[in-house]
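I opened this notebook to record what I looked up in one structure. The entries follow the order in which I went through the topics.

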Amino acid sequence: MAYDPAPPDVALVPGASDAEAELQALRAVTDSTLARLDVEDLMRELLGRVRRILGADTAVVLSYEPASRSLVARVSSGLDEEVIQGVHVSLGEGFAGRIAATRQPLLLDVVDATTVANPVLVEKGIRKMLGVPLLAGDDLIGVLHVGRLDERSFDAHDAELLQVAAERLAGASEARRVAVEHAAAALLERSLLPTELPDCPGLAFARRYLTPNDRTVGGDWYDLFTLPSGDLWIVVGDVAGHGLPAAVVMGRIRSTLRSYALLGVEPHTALELTDRKIRHFEGDALVTVVCAVSAPPYDRLRVTVAGHPPPVVALPGRPAAFAELPVDPPLGVPAPRARSSGEIHLPDGAVAVLYTDGLVERRREPLDDGLERLRGAVAADDPEVVCRTVLRSLVGARSPSDDVTLVAVRREVGRSQ
């Protein structure tokens with residue numbers, strides 16, 4: 001029976017007990033390698049260190065998958081079969097499953113089919129086991145367990161040391177998870193947000209997409225595209241939630257809306273069909289959307305609002321006002337009636353502004369205050385000027401606390417068809 005060798009000895013701090021020195025070594029190797037190692041390599045190095053500290057023959061990390069409520073063997077030292085075979089353990093089942101369900105350490109002095117769910121542990125001759133949960137704050141991210149081939153039982157001191165190792169592993173794993181999520185979110189942003197604005201004679205566009213400093217992308221999105229018929233579609237939406245999960249749902253909804261738009265349907269029909277898809281496939285997703293469609297010569301917008309703030313419209317020589325449109329429930333919420341559309345007239349020089357609530361919502365402030373600031377900042381001007389003015393008035397120099405999406409469209413004077 002072959003096992004990976006434990007890592008070589010580390011230098012012990014003079015005057016420290018063996019246990020204290022080993023614990024210091026564990027902390028040191030985490031700090032020194034976190035910046036340069038991939039998370040899997042870091043885990044393998046730490047697992048080897050844990051085996052040496054505890055005199056264990058095996059060490060395994062299982063990651064928790066909330067969607068399936070199960071643990072999946074991810075990294076091992078001395079028990080590669082678990083990872084190679086992609087072992088899954090249901091929450092509450094067997095040794096690791098009980099640790100995950102209770103979020104408490106567990107000592108096991110009898111390893112057999114009645115105490116463990118994974119037969120590999122029995123087949124390898126493991127006699128004693130100790131496991132602890134991996135936690136990131138209040139969230140379960142996995143389980144760390146170690147095993148011995150001889151009859152030496154683990155004790156409470158071993159459990160304390162393993163818990164320290166688990167905290168270091170959880171911190172490293174969470175740091176890398178956040179870094180990977182940011183990278184993936186940035187890729188989504190580049191791939192899902194339009195890189196070019198449509199060419200519609202007589203119309204000018206500007207747009208902005210802002211996220212808080214700690215995120216690169218979220219559930220907000222905008223889309224502008226034309227169909228073979230020449231129809232222009234402008235979509236601004238917001239998926240409840242933040243970060244990569246919301247961005248993934250956002251991408252699927254954006255693609256779905258584009259597909260239905262190609263059918264040549266009205267905007268309320270496209271949203272109705274998208275809503276059915278969301279409620280069937282996306283579970284508890286909640287999405288607000290405003291969808292505007294215009295045909296050449298682009299002097300009118302047919303607009304459907306699904307739980308979203310209404311567009312702001314500014315006509316030359318007149319104060320801006322919120323468009324008076326019917327408001328249907330957000331996507332993901334059963335609608336008591338068929339969805340409907342309204343119309344916005346765009347004479348020469350008029351500007352329409354579509355946005356997400358991150359632009360106008362502020363903590364400890366009535367929503368009406370933010371909406372009124374927005375209305376006061378919009379004028380029948382060049383769309384780029386409109387975007388700059390709005391963001392200067394409502395965002396200023398501070399990073400927004402929520403995602404902000406802003407789209408301005410203007411029907412230019414003397415350039416309509």
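**Entry 1. Basis.** I worked with a predicted model, in which local features need pLDDT of at least 70, side-chain atom pairs count only at pLDDT 80 or more, and totals for chains, interfaces and linings use all residues. I numbered residues from 1 along each chain as its sequence is written, and side-chain values use heavy atoms, with hydrogens and water left out.

**Entry 2. Salt bridges.** I took a salt bridge as a side-chain nitrogen of Lys or Arg within 4 Å of a carboxyl oxygen of Asp or Glu. By this rule I have 20 salt bridges on record. Side chains of opposite charge can pair when their charged atoms come close.

I first looked up aspartate 158, which forms a salt bridge with arginine 148 at 3.7 Å, N to O. Helices (H or I, at least four residues) and strands (E, at least two) are DSSP runs numbered from the N terminus. For accessibility I used relative accessible area: buried is under 20%, exposed over 50% and partly exposed in between, with a 1.4 Å probe and protein chains only. Aspartate 158 is buried at 9%, and arginine 148 is buried at 5%.

I then turned to arginine 208 and glutamate 384, whose closest N and O atoms are 2.8 Å apart in a salt bridge. This pair links distant parts of the chain, 176 residues apart: arginine 208 is in strand 7 (residues 203-210) and glutamate 384 in helix 10 (residues 383-394). Glutamate 384 is partly exposed, at 31% relative accessibility.

Next I noted the salt bridge between arginine 411 and aspartate 348, at 2.8 Å from N to O. Arginine 411 sits in strand 17 (residues 404-411) and aspartate 348 in the loop between strand 15 (342-345) and strand 16 (351-355), so the pair ties together parts 63 residues apart in sequence. Arginine 411 is buried at 7%, whereas aspartate 348 is partly exposed at 31%.

I also recorded a network of salt bridges that links Glu272, Asp275, Arg276, Arg279 and Arg339.

Entry 3. I found an open sheet of 6 strands in the order 3-2-1-6-5-4, with antiparallel pairing; two strands pair if DSSP finds at least two bridges between them. Its edge strands, strand 3 (88-90) and strand 4 (106-108), each pair on one side only. Strand 2 (residues 70-77) pairs with strand 3 over 3 bridges, and serine 70 stands opposite serine 90 in strand 3.

**Entry 4. Backbone.** I noted a cis peptide bond from proline 296 to proline 297, with omega near 10°. Proline 297 is in the loop between strand 10 (287-294) and strand 11 (300-306). Tyrosine 298 lies in the loop between strand 10 and strand 11 and has a positive phi near 65°; tyrosine 298 is buried at 5%. Arginine 69 has a positive phi near 50° and is placed in the loop between strand 1 (58-65) and strand 2.

**Entry 5. Pocket lining.** I looked up which residues line the second largest pocket; among them are Glu361, Arg362, Arg363, Arg398 and Asp402. A pocket here is an open set of points on a 1 Å grid over the protein atoms alone, where a 1.4 Å probe fits, with protein on both sides within 12 Å along at least five of seven lines; lining residues have an atom within 4 Å of a point.
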